[in-house]
Amino acid sequence: QVQVVESGGGLVRTGESLRLSCTASGTSFKFNIMSWYRQAPGKQRELVAEITSGGSTAYADSVKGRFTISTDNDQNMSYLQMDNLKPEDTAVYYCKADFTYEGRHWGQGTQVTVSS
């Protein structure tokens, strides 16, 4: 059974940085896509960034130039480097891992709070 676990959230001030990590365990197969989503209070969950096993990336316009997604393919891990954080980045951040045979799996989320 695939399990997805996020870590690295916390409380920071405007302009500071955080690095989130995501590990997908319980499978020997490589992921197809790993994604980061976020959900702020009262808002819908939105895609922040995603990366394919081939290294192609995509970002939400609101984070382009500030966030960087990367992976460690051998370990089925992904990272979200978040720089120049803003209060509007405050949300619960979720990792999603998509596999060919094991399907789609979500983590439980990690809280990121940016104070002004």
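Residues are numbered from 1 along each chain as its sequence is written. In this predicted model, local features need pLDDT of at least 70, side-chain atom pairs count only at pLDDT 80 or more, totals for chains, interfaces and linings use all residues, and side-chain values use heavy atoms, with hydrogens and water left out.

Me: Where is the place of Asp89?
Reply: Strands (E) are DSSP runs of at least two residues, numbered from the N terminus. Strand E8 covers 77-82 and strand E9 covers 91-99. Asp89 sits in the loop between E8 and E9.

Me: Is Asp89 buried or exposed?
Reply: Buried means under 20% relative accessible area, exposed over 50%, and partly exposed in between, with a 1.4 Å probe and protein chains only. The relative accessibility of Asp89 is 1%, so Asp89 counts as buried.

Me: Which residues is Asp89 in contact with, leaving aside its neighbours within four places in sequence?
Reply: Contact means heavy atoms within 4.5 Å. With those neighbours left aside, the residues in contact with Asp89 are Arg38, Arg66, Phe67, Asn84, Val112 and Val114.

Me: How many residues apart in sequence are the parts that the pair of Arg38 and Asp89 ties together?
Reply: A salt bridge is a side-chain nitrogen of Lys or Arg within 4 Å of a carboxyl oxygen of Asp or Glu. Arg38 and Asp89 meet in one through their side chains, at 2.9 Å from N to O. Because Arg38 lies in strand E4 (residues 33-39) and Asp89 in the loop between E8 and E9, the parts tied together are 51 residues apart.

Me: How many residues apart in sequence are the parts that the pair of Arg66 and Asp89 ties together?
Reply: The closest N and O atoms of the salt bridge between Arg66 and Asp89 are 2.7 Å apart. Arg66 lies in the loop between strand E6 (57-59) and strand E7 (67-72), and Asp89 in the loop between E8 and E9, so the parts tied together are 23 residues apart.

Me: Which residues are linked in a network of salt bridges?
Reply: The structure holds six salt bridges. Arg38 is buried, at 6% relative accessible area, and Arg66 is buried as well, at 9%. The network links Arg38, Glu46, Arg66 and Asp89.

Me: How many charged residues are in the lining of the largest pocket?
Reply: On a 1 Å grid over the protein atoms alone, a pocket is an open set of points where a 1.4 Å probe fits, with protein on both sides within 12 Å along at least five of seven lines; lining residues have an atom within 4 Å of a point. The lining includes Arg38, Glu46, Arg66 and Asp89. Asp, Glu, Lys and Arg count as charged. Besides two nonpolar and two polar residues, the number of charged residues is seven.

Me: Is Leu11 buried or exposed?
Reply: Leu11 has its place in strand E2 (residues 10-13). Leaving aside neighbours within four places in sequence, Leu11 is in contact with Thr113 and Ser115. With a relative accessible area of 65%, Leu11 is exposed.

Definitions and conventions:
Helices (H or I, at least four residues) and strands (E, at least two) are DSSP runs, numbered from the N terminus.
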